[in-house]
Amino acid sequence: MGTPLPEWSPPPAPDGQVLRGTYAELAPLSAEAHAALLFRAYAGHDAVWDYMPVGPFSSASQYHRWVRDNAGQADPFFYAIRNLESDQWEGAASYLRIAPQAGSIEVGYIAYAPALQRTRAATEAMYLMMKWAFEAGYRRYEWKCDSLNAPSRRAAQRLGFSFEGVFRQATVVKGRNRDTAWFAVIDAEWPALKEAFEAWLAPSNFDENGQQIERLGDLTRLVRVSSDPSL
C-alpha cells in the first residue's frame, strides 16, 4: 500500500504567468512577439533540432506558422526565454504531459540558441520552471530525452534530476527509432535543490569575468538519488 496523502490535492495547470529571475525571463510563447526573433537566434544552427520532434525550419515564415499553430495550447504549454543579460529572446521550452491528478508535469521541447547555451540565463530558466511547478503543488517533475542525446542527459543530471532508466523503442521520431531516457525530481528533493540553485545563481559564485566558482553539478550531486550510468 502506498503512503497516504491526506493533505495533497491536485495542483493547477500552468496559467501563463511570466516567470522572471535575475538573468532570465519566460513569457508565454507568441508568434507575433517571438517567432521572428527566435528564428534569427536559431538561424544557421540546425543542430538545435537534431533530437527534437520538430525542425529544423527552412524559413522564418515556416517557423512562424509552427509557433502560431502551437503557442497558446494547454499541453504542451510553451514559453519563450529572454536572456536578460543580452536582452534578447534566445530560446524556448515547455511544460508537457501535464497531469494534475497525478501531480506530475514534464519539462521539454527545450530549444536553446547557441547564444543562450551555457549561460546563467539558461540555467535560471530551468530553475524558474521547476520552481513554479513545485510551488504550484506538483509532486513529480520529469525530463525525458533521446537516449543518444548525451548533452541532454548530462544537463538533466547537472540540474538535479535522478536517472530512472531507459524505455527501449519508446517511439519513432523523424523516421528513426528512439529509446527514451527518463529522469525526474520529486517534491521531497526540491528544498535541497532550491538551495543548490540559489547558491549557484548567487552573484558571489561568479568571478569578475562571469566564470562560475562552484559548479552546479557538484551542488546537486548530493541530492540526486541515482546517476546516469552512461555518463
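View 1. The model is predicted: local features need pLDDT of at least 70, side-chain atom pairs count only at pLDDT 80 or more, and totals for chains, interfaces and linings use all residues. Residues are numbered from 1 along each chain as its sequence is written, and side-chain values use heavy atoms, leaving out hydrogens and water.

**View 2. An open sheet of eight strands.** Follow the sheet in the order E1-E2-E3-E4-E5-E6-E8-E7, where the pairing is mixed; two strands pair if DSSP finds at least two bridges between them. Strand E1 (19-20) and strand E7 (162-173) stand at the edges with a single partner strand each, so one side of each has no neighbour in the sheet.

View 3. The elements run β-β-α-α-β-β-β-α-β-α-β-β-α-α, which comes to six helices and eight strands. Along its principal axes, the C-alpha trace spans about 55 × 45 × 35 Å.

**View 4. Inside the protein.** Of the 231 residues, 48% are buried, meaning under 20% relative accessible area (1.4 Å probe, protein chains only). Among contacts with a separation of 6 or more, 63% are between residues 24 or more positions apart; a contact means heavy atoms within 4.5 Å.

Key:
Helix = DSSP H or I, 4+ residues; strand = E, 2+ residues; numbered from the N terminus. Buried < 20%, exposed > 50% of the residue type's maximum accessible area, 1.4 Å probe, protein only.
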